[in-house]
Amino acid sequence: YEGAFYPLLAGMTLWTVMLLGGTRAYLPPHYSARLLVLFAAWIFISALVNAPGIISAGTKGRTGVEKFLLQTLLILFTIGASLFVYHVVIRLASPLRQIRKWVLISFVVCGTYSILEIGKWLGVPLLANMQGMIDPYIRDATNLAAYTSFARLRSVSGEASWFAMYCALVTPWIMSYTFTDPRSRWWSLPALVYLLLLITLTWSRAAYVITALQFIVLAVGTPFLLTDPNVRARNRALGAMLVVIVAVTALATATIFRDAGFGDRSLTTIFLSLLDTDDLSNVGRVGSQVTAMRIALDHPFFGIGFGQYGFHMMDYVPSWALASRELAVWMSSAPDSPWAPVHGLYTRLAAELGLVGLLIWLGMWASIVRSVFLRARSSTGQSPEEQMLGITLLASIAGVLLAGFNADSLRFFGYWIVLAIAWAYVGNRERETARMQSR
């Protein structure tokens, strides 16, 4: 289980007790919430259509029914988590300001632990020993060597790419302090530089692309979205300053840590590797997504059933992708071999739920993104700071959606948390709070 699971489980357990005691819950009054219900219903419709195949499927010592039930329980839990977060956030007096504070606290935790990790790379015995004492409590001890054998920053996450997905969620919120709170710039700018340093040290291609696009949205796009001309002019200057900070931090990090166990890695080689067709990692990732799309084209309406990709992928792998050793392992039916990932949420949904399921998912997000954009663009009933935080939320949503091109799991709570925050932001807080209190 992931760390975010436990506080959500505790909160949802308490919420369930309150519901049993008479507290009422309801679906957010937004079109995207109804599409989410339709998405959940489509999972069961797809399963009914594919029931014979799901019942007979089996590989790696697992059955199709087992995978379907586990994945369905997961999606029901995450939807419940989203509703729980929504009912908490909608009651806050200043929801986006409070969310930003919580994000900052989480970053302090991750950033503090990262000091130990960096200290180990730099050969500081005290920090290395402290990390060695803490690691067994937050990692799977049987796989501890895998977490420490490569010099890629993971912080408290299991993998560097997972930490990159976390950064996709929090980076806009840390940046927003620079735009909205002049008194905090003495610490928010150094914090942003430190966050950029951590992102650079993940050596994650996905992290670099997502961060670059988020900086474009916030540093370049923000001045054009705000309605106050004075605020626009100020933020234009701040945006230019942040672009310089990003460039200098990235170059300085790559130079300082060049000899700290990273071999021949550089920012240039990391970016260019995205286009390297001979890179076997690319072959495995692209091959997996092409495999999923082949399945989707063969089962365009209902897909093959939720959680069923690993039972069918070996029949759809393109011949050129067989050069990847990773794919060969994923295709194996041996019980101790790893489960086959898709490496992309959107292609996975297309394969397992059909193009219809994918369109429902995309429609849900398109609906809420449009509402957040319109609310952030409007100056009616909100200050320039609240407008800026709305744009920050938009950038955060963009970050987690981009992460869907890098990972295929719906258990990434970033999706469900930002969805809940967006519901609260676009709704009428006073009306909905009164509605909940009257039930």
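I first looked up Ser155, in the loop between helix H7 (144-148) and helix H8 (160-180). I am working from a predicted model. The phi of Ser155 is positive, about 55°, although Ser155 is not a glycine. Is Ser155 buried or exposed? I found 0% relative accessibility, so Ser155 counts as buried.

Next I went to Lys60. I found Lys60 in the loop between strand S1 (58-59) and strand S2 (62-63). Its phi is near 55°, again positive in a residue other than glycine. Lys60 has 5% relative accessibility, and buried means under 20%, so I noted Lys60 as buried.

Then I turned to helix H1. H1 runs over residues 5-20 and has 16 residues. From first C-alpha to last I read 22 Å, close to the 22 Å expected at 1.5 Å a residue. Which residues of H1 are buried? I listed Phe5, Leu8, Gly11, Met12 and Trp15. They cover an arc of only 135° around the axis, so they sit on the same side of H1. An α-helix has 3.6 residues a turn, so residues three or four places apart point the same way. The buried residues of H1 pack against helix H4 (64-89) and helix H18 (413-426). On the face turned away from the buried side I found the exposed Pro7, Leu14, Val17 and Leu20. After H1 comes Gly22, with a positive phi near 120°.

Last, I checked the cores. The largest nonpolar core has 101 residues. Trp361, Trp365, Leu393 and Trp416 touch the most other members. I noted another core apart from it, of 14 residues, including Ala292 and Ile304.

Note on methods. Residues are numbered from 1 along each chain as its sequence is written. This is a predicted model: local features need pLDDT of at least 70, side-chain atom pairs count only at pLDDT 80 or more; totals for chains, interfaces and linings use all residues. Side-chain values use heavy atoms; hydrogens and water are left out. Helices (H or I, at least four residues) and strands (E, at least two) are DSSP runs, numbered from the N terminus. Buried means under 20% relative accessible area, exposed over 50%, partly exposed in between (1.4 Å probe, protein chains only). A nonpolar core is a set of buried Ala, Val, Leu, Ile, Met, Phe, Trp, Tyr and Cys residues joined through side-chain atoms within 4.5 Å. The expected span of a helix is 1.5 Å times one less than its number of residues. The arc is that of the directions from the helix axis to the C-beta atoms. Contact means heavy atoms within 4.5 Å.
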